[in-house]
Amino acid sequence: MPARVTETGGCIVKLASQIFHSDKPGTWLVWLHGLLGCGDEWLPLVNACNQYASLVIDLPGHGHSTDITVAGGFAEMNDLLNETLFKHQIHDYWLIGYSLGGRIAMYHATYGKHEGLRGVLVEGGNPGLFSQQERDARLQHDQCWVQRFREESMEIVLADWYQQPVFADLSSEQREQLIHCRSQNRGSRIADMLESTSLGHQPWLVPALQQITTHFAYLCGENDEKFQNIAKQYTLPLKTIPQVGHNAHNGNPAAFAAEVNHFLSLFG
């Protein structure tokens with residue numbers, strides 16, 4: 001469905017989203033995709049978790065939220081998420097987020113207002129960079145990608161994007177499929193979102209995550225060496241998805257859904 005946009009002093013207050021299994025009582029699952037993705041990527045998982053109502057969100061600059069931009073970084077993104085939940089009258093929920101979506105979920109759980117938040121399941125989301133030097137270097141790195149997304153064709157940029165080490169487990173066929181699918185994005189909008197939510201702008205969330213009282217699981221593909229190491233280094237509550245790399249929910253949806261359903265059965 002198209003985004004329902006309301007402007008209050010320039011602030012857009014509701015993201016495009018889809019509702020599934022709304023007849024199920026109780027806790028909602030709220031799904032947040034990664035950079036370059038869209039809410040539809042979660043549909044196999046939503047169907048495998050059909051004992052819960054689900055809200056599948058398109059992040060700013062993506063899917064049916066293409067015309068929504070977030071200039072105020074994670075704080076504004078969190079306000080937009082809260083407003084979207086409020087508009088749907090969702091007051092009892094879990095957040096499930098992949099990559100950028102996972103970073104947004106962790107920020108929400110540690111910095112945001114989240115009275116109705118039951119728990120957070122994060123897939124391959126970076127909890128932040130410790131030093132200002134690291135954050136500055138990341139901003140410079142991401143700015144190079146921002147410029148490319150704004151100036152070059154999506155196919156050319158994505159061909160290099162998916163050569164990054166975190167995607168090393170992808171086969172040539174999988175890489176081509178992702179490039180084909182995600183070339184539908186508008187480069188300028190992806191650039192806007194990347195610029196605003198760069199890891200260099202994200203707070204260092206590890207101390208808050210280590211003390212979080214909300215239920216928390218950190219899901220990671222067993223072949224995703226970078227994020228396996230992050231989870232172990234910071235003693236995050238790691239749940240490993242077998243036989244896949246960074247995009248675990250896409251590579252092994254059955255195992256991912258089984259892990260989600262098991263975790264929710266314990267606390268949901």
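Reader: Which residue stands opposite L238 in strand 9?

Author: Strands of a sheet pair through backbone hydrogen bonds, either parallel or antiparallel. Here Y218 stands opposite L238 in strand 9, and strand 8 (residues 215–221) pairs with strand 9 in the parallel sense over four bridges, where pairing requires that DSSP finds at least two bridges between two strands. Helices (H or I, at least four residues) and strands (E, at least two) are DSSP runs numbered from the N terminus. This is a predicted model, in which local features need pLDDT of at least 70 and side-chain atom pairs count only at pLDDT 80 or more, while totals for chains, interfaces and linings use all residues. Residues are numbered from 1 along each chain as its sequence is written, and side-chain values use heavy atoms, leaving out hydrogens and water.

Reader: What is the order of the seven strands in the open sheet?

Author: The order is 3-5-4-6-7-8-9, with mixed pairing. Strand 3 (17–20) and strand 9 (238–241) stand at the edges with a single partner strand each, so one side of each is left without a neighbour in the sheet.

Reader: Which strands does helix 11 lie across?

Author: Helix 11 lies across strand 4, strand 6, strand 7, strand 8 and strand 9, contact meaning heavy atoms within 4.5 Å.

Reader: Where is T235 found, and is T235 buried or exposed?

Author: T235 lies in the loop between helix 9 (225–233) and strand 9, and T235 is exposed (over 50%), with a relative accessible area of 62%.

Technical notes: Axes fitted to C-alpha atoms, helices over the stretch in contact; angles between N-to-C directions. Buried < 20%, exposed > 50% of the residue type's maximum accessible area, 1.4 Å probe, protein only.
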